[in-house]
Amino acid sequence: MLKQILKRCSSLGKKNNSLPIDVPKGHFAVYVGENRTRYIVPISFLSYPEFQCLLHRAEEEFGFDHDMGITIPCEEVVFQSLSSSMLGN
């Protein structure tokens, strides 16, 4: 599953032959919450079981085959807390 996610993340934006300029190398964008707030997260998040669980839920609910990017089905406050704990490790 991680290979599929990495492939999907690296292919985002290739239809225009360019990645978004605000996404640094080694990061990718996800969209979180009801308002689909955009977060730029490091690829290292993919190694955390908690983040993998969120991605699995995202795949079940939305799939990964769309141009917008990966949408994470959880509340923003939960995602922010989880992100903070992963960045702190």
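## Hairpin and overall fold

E1 and E2 form a hairpin with four residues between them. Gly33, in the turn, has a positive phi of about 80 degrees. Helices (H or I, at least four residues) and strands (E, at least two) are DSSP runs, numbered from the N terminus. This is a predicted model: local features need pLDDT of at least 70, side-chain atom pairs count only at pLDDT 80 or more, and totals for chains, interfaces and linings use all residues. Residues are numbered from 1 along each chain as its sequence is written, and side-chain values use heavy atoms, with hydrogens and water left out.

The chain holds three helices and three strands. Along the sequence they follow the pattern α-β-β-α-β-α. Of the 89 residues, 36% are buried. Buried means under 20% relative accessible area, exposed over 50%, and partly exposed in between (1.4 Å probe, protein chains only). Take the contacts with a separation of 6 or more: residues 24 or more positions apart account for 52% of them. Contact means heavy atoms within 4.5 Å.

## The sheet

The three strands form an open sheet in the order E2-E1-E3, with mixed pairing. Strand E2 (37-42) and strand E3 (70-72) stand at the edges, each with a single partner strand, so one side of each is left without a neighbour in the sheet. From one strand to the next, the twist averages 40 degrees. Axes here are lines fitted to C-alpha atoms, for helices over the stretch in contact; angles run from 0 to 180 degrees between N-to-C directions.

Strands of a sheet pair through backbone hydrogen bonds, either parallel or antiparallel. Two strands count as paired if DSSP finds at least two bridges between them. E1 and E2 pair in the antiparallel sense over six bridges. His27 has Pro42 in E2 as its bridge partner, and Phe28 stands opposite Val41 in E2. Strand E1 (residues 27-32) pairs with E3 in the parallel sense over three bridges. There, Tyr31 has Thr71 in E3 as its bridge partner. E1 is mostly covered: five of its six residues are buried.

Lys25 lies in the loop between helix H1 (2-11) and E1. At 85% relative accessibility, Lys25 counts as exposed. Its C-alpha atom is separated by 9.2 Å from that of Ile43, 18 residues apart along the chain.

## Helix H2

Helix H2 (residues 49-62) has 14 residues. From first C-alpha to last, H2 reaches 20 Å, close to the 20 Å expected at 1.5 Å a residue. The expected span is 1.5 Å times one less than the number of residues. Its buried residues are Phe51, Leu54, Leu55 and Ala58. They cover an arc of only 100 degrees around the axis, which puts them on the same side of H2. The arc is that of the directions from the helix axis to the C-beta atoms. An α-helix has 3.6 residues a turn, so residues three or four places apart point the same way.

The face of H2 turned away from the buried side carries exposed Pro49 and Glu60. Just after H2, Gly63 takes a positive phi of about 75 degrees.

## Helices across the sheet

H2 lies across E1, E2 and E3, running at about 105 degrees to E3. Helix H3 (residues 76-88) also lies across E1, E2 and E3. H3 runs at about 15 degrees to E2.

## Cysteines

How many disulfides does a search of the whole structure find? The search finds zero. A disulfide is taken as a pair of cysteine sulfur atoms within 2.5 Å. Cys53 is in no disulfide: the nearest cysteine sulfur, that of Cys74, is 9.9 Å away. Cys74 is likewise in no disulfide, with the sulfur of Cys53 as the nearest cysteine sulfur.

Cys53 is partly exposed, with a relative accessible area of 45%. Cys74 is buried, with a relative accessible area of 13%.
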